[in-house]
Amino acid sequence: MNKIALQLFLVLAFIPLALLIGYGIVVLAPIFSCFLAINSYKFNNHKEMYFWMFIGSLSFILALYLLGVL
């Protein structure tokens, strides 16, 4: 097989994989932020808890927008 054709095929094959990983991170970010907020609540660190709640809400809205719900 031609080397350029093989490299082109490999680049095109990694595009869906990169999209899958990117969307996976976007979808899992609110869940991760939720666990960080729960951990902050356990240690009575309310300032950090509200910070993680804000980041989780922001990432949840971003995930809904990127997935086409909003």
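Which handedness, left-handed or right-handed, does the crossing of H1 and H2 have? The views below are of a predicted model, in which local features need pLDDT of at least 70, side-chain atom pairs count only at pLDDT 80 or more, and totals for chains, interfaces and linings use all residues. Residues are numbered from 1 along each chain as its sequence is written, and side-chain values use heavy atoms, with hydrogens and water left out.

**View 1. The crossing of helices H1 and H2 is left-handed.** A crossing is called left-handed if the near helix is turned anticlockwise from the far one by less than a right angle, and right-handed if clockwise. H1 (residues 3-42) and H2 (residues 46-66) pack at an angle of about 160 degrees, and their axes are 8 Å apart. The two helices are therefore roughly antiparallel to each other (an angle over 145 degrees).

View 2. Leaving aside neighbours within four places in sequence, Ser33 is in contact (heavy atoms within 4.5 Å) with Trp52, Ile55, Gly56 and Ser59.

**View 3. Ser40, which also lies in helix H1, is buried.** Ser40 has a relative accessible area of 4%, and, when neighbours within four places in sequence are left aside, the residues in contact with Ser40 are Asn45, Glu48, Met49 and Trp52.

Notes
Helices (H or I, at least four residues) and strands (E, at least two) are DSSP runs, numbered from the N terminus. Axes are lines fitted to C-alpha atoms, for helices over the stretch in contact, and angles run from 0 to 180 degrees between N-to-C directions. Angles under 35 degrees count as roughly parallel, over 145 as roughly antiparallel, 65 to 115 as roughly perpendicular and the rest as oblique. Buried means under 20% relative accessible area, exposed over 50%, partly exposed in between (1.4 Å probe, protein chains only).
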